[in-house]
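Welcome to this guided tour. Open your viewer, get ready to select residues, and follow along stop by stop.

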Amino acid sequence: ANAGLFLVTTMRYDDNENQTLTTYPGKDDTLAVPVKVLNSYDERDLLLQVSRGVDTPHLSKTSYTYVST
């Protein structure tokens with residue numbers, strides 16, 4: 001067993017309490033680095049973009065658009 005082993009996930013928030021950065025302790029699929037996820041928001045605090053694999057060559061981005069009804 002791995003007694004005394006702790007894995008810590010850290011999260012950062014902006015002034016509007018939106019989660020802006022999450023760092024997971026695991027590894028990227030091929031790199032021995034923590035996995036970072038960066039979230040971007042608009043002026044209405046709606047999620048605009050999620051970037052996974054920040055600071056790695058495996059960066060992927062998902063963008064969101066919202067239509068008012």
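Which residue in β4 does V37 stand opposite? Select V37 and look across: the residue facing it in β4 is R52.

Before moving on, a word about what is on your screen. This is a predicted model, in which local features need pLDDT of at least 70 and side-chain atom pairs count only at pLDDT 80 or more, while totals for chains, interfaces and linings use all residues. Residues are numbered from 1 along each chain as its sequence is written, and side-chain values use heavy atoms, with hydrogens and water left out.

**Stop 1: the strands**

Select residues 35-41 for strand β3 and residues 47-52 for strand β4. Strands here are DSSP runs (E, at least two residues), numbered from the N terminus. β3 and β4 pair in the antiparallel sense over 5 bridges; two strands pair if DSSP finds at least two bridges between them.

Now go to the hairpin of β3 and β4, where 5 residues lie between the strands. Click on D45 there, which takes a positive phi near 65°.

To find one of the partners, select S51: its bridge partner in β5 is K61.

**Stop 2: the salt bridges**

A salt bridge here is a side-chain nitrogen of Lys or Arg within 4 Å of a carboxyl oxygen of Asp or Glu. How many salt bridges are there by this rule? The count comes to 2.

Show the side chains of D55 and K36, which meet in a salt bridge at 3.2 Å, N to O. This pair links distant parts of the chain: D55 sits in the loop between β4 and β5, K36 in strand β3, and they are 19 residues apart. For accessibility, buried means under 20% relative accessible area, exposed over 50%, and partly exposed in between (1.4 Å probe, protein chains only). D55 is exposed, at 65%, whereas K36 is partly exposed, at 27%.

Then select R44 and D42, whose closest N and O atoms are 3.0 Å apart in a salt bridge. Is D42 buried or exposed? D42 counts as buried because its relative accessibility is 12%, while R44 is exposed at 52%.

**Stop 3: a surface patch**

Finally, select L48, Y64 and Y66, which make a nonpolar surface patch of about 260 Å². Patch residues have over 30% relative accessible area and no salt bridge; like charges are joined within 9 Å, and nonpolar side chains (Val, Leu, Ile, Met, Phe, Trp, Tyr) within 5 Å. Accessible areas come from the Shrake-Rupley method with a 1.4 Å probe, and for residues only the protein chains shown count as cover. L48 lies in strand β4 and counts as partly exposed, at 33% relative accessibility.

Note on methods:
Helices (H or I, at least four residues) and strands (E, at least two) are DSSP runs, numbered from the N terminus.
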